[in-house]
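Open the model in your viewer and keep the selection tool at hand. The tour below goes stop by stop.

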Amino acid sequence: MTWFMVALVVVVAAAGLLRWRRPAWYWLTFGASLAMLRVLVRYGSVMDACGLTVPPSRWRLAVARATNRPVPGPRAPRILRIRPTRTGLVLRLGLRPGQDAFDVAASCDRLRHSFAMYGVTSRELRSGVVEVRMTGYDVLKRVQMPASTDAGPMRVPVALREDGSVHYRDYRAVPHALTLGATESGKSVYQRNLVAGLAPLDVALVGIDCKQGVELFPLARRFSALADNPDAAADLLDALVAHMEDVYQLIRAEQRITADVPDAEIAADIWSLPAKLRPVPVVVLVDEVAELALYASKEEEKRRDRIITALARLAQLGRAAGIYLEICGQRFGSELGKGITMLRAQLTGRTAHRVNDESSANMAFGDIAPDAVLAAIQIPTDMPGVAITGDSTGGWARIRAPHTSLRQAVNTCNRHANRTPDLPALAPFRPVLGIPAPADAPAVESIPATA
Ligand SMILES: Nc1ncnc2c1ncn2[C@@H]1O[C@H](COP(=O)(O)OP(=O)(O)OP(=O)(O)O)[C@@H](O)[C@H]1O
Ligand SMILES: [Mg+2]
């Protein structure tokens, strides 16, 4: 008996310790089964208390009366499936007549408290069926991506969503995207994750990093072209426009439509070309975009107009030529001059990290999901990397990318350096590899060493 008591105390202590220090491991060992038991045992009473039951139907009452049985009680939505996942539980509910998906969505917070879960969200799968996703712990506190994901040819897992599912950046569904956020909010880490995710794919990476290249140049071995100042960026973007025109010429040459060509084989973008002819898709990553739109002299104004025009052309026409834009910046609004709002309207995918004011959040979501604006302002400063992501369907979710260090990203890029394609149009911008020669005298002073 004493041995049994000792073992029990050890197990309870281990569970408590895990729950405190390693919630993900706790969930996998104890949490999932306990939560499942809790949901199944309390289900009826919780649904009743949350107002998610309907009175018994007339025929049930009639049958009860006819057979002299007790009057049946109210009925909760049917559990069609309950499935534990790596981070929580997924419940599929069949609604009763008279209920709608909004009833469940409106009760999510009550369900969260009643089932003692960390988060509960719901969505309609089809008419009459609602999926309730519950998370057992704060999955965004320490992001761990699942080992196997549903990645595709131009689809990379980039972050974890609040409900425990993986957030993908799917370039074929959403060709261009804008990422905003105040300084130190996690934009560059998000972009670094994207580069690490794209590195193993057959894609050319092009980078424009006006912070003198500190974020993207360490990853240079996987980049086909890089620019670290607005002058180089202007030439690089012009070269990309020329590349896009070459790709369109290729598609035109391949179309050769005759009466016997089946509809499915008429090419209108690079993906409908035969694989052996298909040009490699290009992802253009721009960090600190506002630097490209600022000017102090007439000369710089001309350069700025050239850059914004080239970006707008790539955003309007690039998708079918397999050119995708990924733009990051602290703000991207009309105060940066003409052409900015037109360019922004082409960037379908929107992600906002922590922002300091409503107008910055409005630049990301004001025109697509107004309630996401509030969520973006509420991101706390001690959670860098947490972001709100939305798309033109009006939906949005809270996400956080894993904390990939620059060293990890460099290793990934170096491992896949042999995949870096050579694009002839971009050859002058191919980064020069090797250790840069040290400056004769340091241009900045170091902090004096303390004894
Ligand atoms: N997903 C994350 N998880 C944990 N920490 C993060 C995450 N993203 C960013 N951070 C932390 O926040 C710091 C700042 O991130 P980052 O450099 O990406 O910010 P930024 O938005 O690019 O800032 P700036 O506008 O000044 O370039 C990082 O050094 C890192 O410590
Ligand atoms: Mg940055």
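Predicted model: local features only at pLDDT ≥ 70, side-chain atom pairs only at ≥ 80, totals over all residues.

Now look at where Asn68 sits. Select the loop between helix H3 (58–66) and strand S1 (78–84); Asn68 is in there. Check its backbone too: phi of Asn68 is near 60°, a positive value in a residue other than glycine. Most residues other than glycine have a negative phi.

Next, select Glu288. Its phi is also positive, at about 55°, and Glu288 is not a glycine. Find it in the loop between strand S10 (282–287) and helix H8 (290–293). Glu288 is partly exposed, because 18 other C-beta atoms lie within 10 Å.

Move on to the sheet. Which order do its strands follow? Trace S6-S5-S14-S13-S12-S7-S11-S10-S8-S9: 10 strands form this open sheet, with mixed pairing. Strand S6 (166–170) and strand S9 (223–227) are the edges, each pairing on one side only. From one strand to the next, the twist averages 25°.

Zoom in on one pair. Select strand S7 (residues 177–180) and strand S12 (residues 349–352): they run parallel and are joined by four bridges. Pick Thr179 and look across to S12, where its bridge partner is Thr351.

Then show helix H12 (residues 370–377). It lies across S12, S13 and strand S14 (396–400). Relative to S13, H12 runs at about 175°.

Last, the interior. In soluble globular proteins, nonpolar side chains tend to be buried together. Here the largest nonpolar core has 91 residues. Select Val195, Val284 and Ala376, the residues with the most contacts inside this core. Which helix gives the core its largest share? Helix H7 (residues 230–255) does, with nine residues.

Stay with Ala376 for a moment. Leaving out residues up to four places away in sequence, Ala376 touches Ala352, Val355, Ala361, Ala364, Phe365 and Ile388.

One more selection: Met47, Leu89, Leu91 and Met117. They are among the 13 residues of another core, which lies apart from the largest one.

Conventions
Residues numbered from 1 in each chain as written. Chains lettered and ligands numbered in written order. Core = buried A, V, L, I, M, F, W, Y, C linked by C-beta atoms within 7 Å. Buried ≥ 20, exposed ≤ 12 C-beta atoms within 10 Å, placed from the backbone. Helix = DSSP H or I, 4+ residues; strand = E, 2+ residues; numbered from the N terminus. Contact = placed C-beta atoms within 7 Å. Pairing = 2+ DSSP bridges. Axes fitted to C-alpha atoms, helices over the stretch in contact; angles between N-to-C directions.
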